[in-house]
There are 2 protein chains.
Amino acid sequence: MEIKIMKNILDRNQNKANEVRELLRAKNVLMVNIISSPGAGKTTLLERTCEKLGKKFRIAVIEGDITTDRDAQRLKKYNIPIVVINTEGGCHLDSHSISKVLGEFDLENIDILFIENVGNLICPSEFDLGEEFKIAVVSTAEGDDKPGKYPLLFREAKAVLLNKTDLIPYTNFNFSTFKTDLDKINAEIPLFEVSCTKGNGLEKWFEWIEKQIRI
Amino acid sequence: MEIKIMKNILDRNQNKANEVRELLRAKNVLMVNIISSPGAGKTTLLERTCEKLGKKFRIAVIEGDITTDRDAQRLKKYNIPIVVINTEGGCHLDSHSISKVLGEFDLENIDILFIENVGNLICPSEFDLGEEFKIAVVSTAEGDDKPGKYPLLFREAKAVLLNKTDLIPYTNFNFSTFKTDLDKINAEIPLFEVSCTKGNGLEKWFEWIEKQIRI
């Protein structure tokens, strides 16, 4: 019985996601759904990406947060269109909420629309928002066992950013444990080892995401 | 409609939680529900706690994990009763799953039963498992904005452990920002500043949890 209800919700989510994707493709907007645990560095990644690519491409952001607009406040300085969705306790965004806020954007004048999902390594992975693809961000401070313990996101994502590599010397993070687990789940996935606060390793990410915009 | 269904699930969860709590009180078992983001240090906290209090008290653990029994494997060396609940994708434990596994324990011979919930700062906070109280664990590497952005857990918990204080010098974590937010949500809550890997600051936690067992 509960499974049936869930299936219904997911079916309705999928239909709306397909609609959203079709609309955004027609408008030539690349929508990217960024997913991570709380505090893995999604907002800092967006800051660095706006700084590097903000002149070359027209960037916009949907900020998913349970409450507050703090992440959006951090991005205000880049003068980009930002819409905040407060889920009021909800643990993920869904395609209906994305569909509703798309009207707030001038889609003709956007090249890439990032969604910063609610900080949660589990639930957001299950919901197609109509994005072109998902990105997984994981911090070294979370430990090297995350792909093994939370496989769905790492299976679903098109790229992984391993963030906070500058903290590796101060933690027991073992890169080869991390990589071995990730390879078992998704051997082909591009992996970017970065520190968004220090700016390390981001060039490859910028190149890669730029290529996605141009496809 | 969806709200009604959710209310039904929560009602059923609450009834079963009350049953579980009644049973455990009758058996004089203190059940503690530990909640955090992925990789904030719940298992390491349990390791340190078993080392310190394992001779004085009879400890048991329920390990909630999406998949794998890795956390349980880490605790095996303490020779304590451990049961793993794999949620197979589920983002939290509920009282029905706890109720089902209680039969695996010899409750007459347990003083404290820790639940290590699924790594998720959002959903587990909404589910009463029949515990005596919840504990929030948050890592400095997640940033100082977690209580403000994810308030429910910090409102519900009986104590907060701020873990990985040894990483503060290498991050932009600001203690006073963290504390100001926490005070707004739950000014009276005991806060333990610890590093579970280095062993710093744990004495006060041991004292506090010992007192709870003796109540």
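A: Helices (H or I, at least four residues) and strands (E, at least two) are DSSP runs, numbered from the N terminus. The model is predicted, so local features need pLDDT of at least 70, side-chain atom pairs count only at pLDDT 80 or more, and totals for chains, interfaces and linings use all residues. Residues are numbered from 1 along each chain as its sequence is written, chains are lettered from A in the order in which they are written, and side-chain values use heavy atoms, leaving out hydrogens and water.

Q: OK, where's Thr68(B)?
A: Thr68(B) sits in the chain B loop between β2 (59-65) and α3 (70-75). Its phi is positive, near 70°, though Thr68(B) isn't a glycine.

Q: And what's the phi of Glu88(A)?
A: About 50°, again positive in a non-glycine. Glu88(A) belongs to the loop between β3 (82-86) and α4 (95-102) of chain A.

Q: Is Glu88(A) buried or exposed?
A: Exposed, at 63% relative accessible area. The cut-offs are under 20% for buried and over 50% for exposed, with partly exposed in between (1.4 Å probe, protein chains only).

Q: Switching topic: which strand holds Val138(B)?
A: Strand β5 of chain B, residues 133-139. Val138(B) is buried, with a relative accessible area of 0%.

Q: What does Val138(B) touch?
A: Leaving out residues up to four places away in sequence, its contacts (heavy atoms within 4.5 Å) include Ala40(B), Phe154(B), Leu161(B) and Phe178(B).
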